[in-house]
Amino acid sequence: MRQLEAPAAAAATQRVVSVDALRGFNIFWILGADAVIWSLNEMLRDKGPVPSAVGGFLNTQMTHVAWDGFRFYDFIFPLFIFVTGVAIVLSLPQLVEREGKAQAYARVFRRALILYGLGLIFYGGISRHWGDIRLVGVLQRIALCYLCASLLFLNFRARGIVVALAVLLAGYWALMTFVPVPGIGAGSFARDANLADWIDANYLPGWKWEVTRDPEGLLSTLPAIGTCLIGVLAGLLLADPRLQGRQKSLLLIAAGIPMIAAGYLWGLQFPIVKVIWTSSFVLVAGGYSLILLGVWHQIIDVWGYRRWAVMFIWLGANAITLYFINNVTADQFAIRFAGSTVSTFELFATRFAGGDLAALLDRAITPNTGTFVVRMLGLTFAILLARFLYRRKIFLRV
């Protein structure tokens, strides 16, 4: 995200449309495309070997691994943080040039604080007792990654950022590998038996998403900052005036391939685990992010093929706003303990295609067709709202 949202008046020379589109592609899945895939899998189940296999494969990619491993669904959140890092480079220099470095610092701190506050509200705010407030979460992690990556970008050149990235990943690995966990020992990366989970269980106050630990916990925020720094480095490459567009695309792809290989190799000793955001996970997700950005940059910004990505550009222009709207009306506490996954747009869609109509579709076509239609309609409403805001140049920013 450029400064956490797409600014309405970014300079034309600084605008990289592929970054907007990639942000929108990311939020597309969060707004309900994932649930559409889940419903499609239910519709295709027991419909023959090929449809069942296709539905099963797509459904598997739209679920998190139980612990270690990597699927597409594990890629969504780190991709968002990566794009945040790219956007830092494309927005902060303009702010420094226009208002000075002191104002840039003030703006960074203010935006991080607001985004963190939105994260608290997102999970219920102070509507419950203090012990039930979730102090960490998706928006809070984005806020912390944005803050730390922005401060590093404002004070260091590319070499310094590379050093900071290396220190974060190697330091996290060293802590997780060599610091003994009471009652367990050192070098354990198993669920509930590693240093990150132990710190959350003993020192993270408030409501934890996994009862005793949190996937956006305290220690694992350090390598998550590394994910954002990979985005900063990608942004520095995109902003380099010495390189032609095609060169930038190729360099991004070329950097991503060995990063993925290094991540899987490191994963042999330090497993690829999203829940504790291991250093190997950072490299694998960062490598895929670099490749995806390189491909999209080549197609959209170099070759100029943009029409196919217009929907994603709409979504990316107000990503945080749409994310907040889609989830803030849902009871996050109930989601954790009752398993409800109904989002705002899906809930609104049931007013048009739910109830007896959904049941009729289930009988007339195949079971779960009604749910599929409702979720498709909910996703369509989200896209239409994004289009409305974009067409009227309404960019709600923090």
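Modeller: Let's begin with Ser150, which touches Ile88, Leu92 and Val108 when residues up to four places away in sequence are not counted; contact here means heavy atoms within 4.5 Å. This is a predicted model, in which local features need pLDDT of at least 70 and side-chain atom pairs count only at pLDDT 80 or more, while totals for chains, interfaces and linings use all residues. Residues are numbered from 1 along each chain as its sequence is written, and side-chain values use heavy atoms, with hydrogens and water left out.

Ser150 sits in helix α5, residues 138-155 (helices are DSSP runs of H or I with at least four residues, strands runs of E with at least two, numbered from the N terminus). Its relative accessible area is 0%, so Ser150 is buried (buried is under 20%, exposed over 50%, partly exposed in between, with a 1.4 Å probe and protein chains only). A polar atom of the Ser150 side chain lies 2.7 Å from the backbone oxygen of Tyr146.

Val108, one of the residues that Ser150 touches, falls within the residue range of α4, a helix that spans residues 101-122. Let's follow that helix. α4 packs against α12 (residues 319-328) at an angle of about 20°, with the axes 10 Å apart; axes are lines fitted to C-alpha atoms, for helices over the stretch in contact, and angles run from 0 to 180 degrees between N-to-C directions. That angle is why α4 is called roughly parallel to α12 (under 35 degrees; over 145 is roughly antiparallel, 65 to 115 roughly perpendicular and the rest oblique). The crossing is left-handed, meaning that the near helix is turned anticlockwise from the far one by less than a right angle. From α4 come Leu115, Leu118, Ile121 and Phe122, and they meet Ile320, Tyr323, Phe324, Asn327 and Val328 of α12. By class, this contact has 8 nonpolar residues, 1 polar and no charged (Ala, Val, Leu, Ile, Met, Phe, Trp, Tyr, Cys and Pro count as nonpolar, Asp, Glu, Lys and Arg as charged, and the others, Gly among them, as polar).

The axes of α8 (residues 221-238) and α10 (residues 279-302) come within 10 Å and cross at roughly 25°, which makes α8 roughly parallel to α10. Here the crossing is right-handed. Pro223, Gly226, Thr227, Ile230, Ala234 and Leu238 of α8 meet Val282, Gly286, Leu290, Leu293 and His297 of α10. These residues divide into 7 nonpolar, 4 polar and no charged.

Gly245 belongs to helix α9, residues 245-266, and is partly exposed at 25% relative accessibility.

Finally, a look at the loops. Asp192 lies between α6 (158-178) and α7 (195-203), and its phi is near 60°, a positive value in a residue other than glycine. Val211, in the loop between α7 and α8, has a positive phi near 70°. Thr366, between α15 (355-364) and α16 (369-391), is buried at 9% relative accessibility and touches Met43, Lys47 and Leu361, not counting residues up to four places away in sequence.

How values were computed
A polar contact is a pair of N or O atoms within 3.5 Å; within protein, one must be able to donate a hydrogen and the other to accept it, and residues adjacent in sequence count only if both atoms are side-chain atoms.
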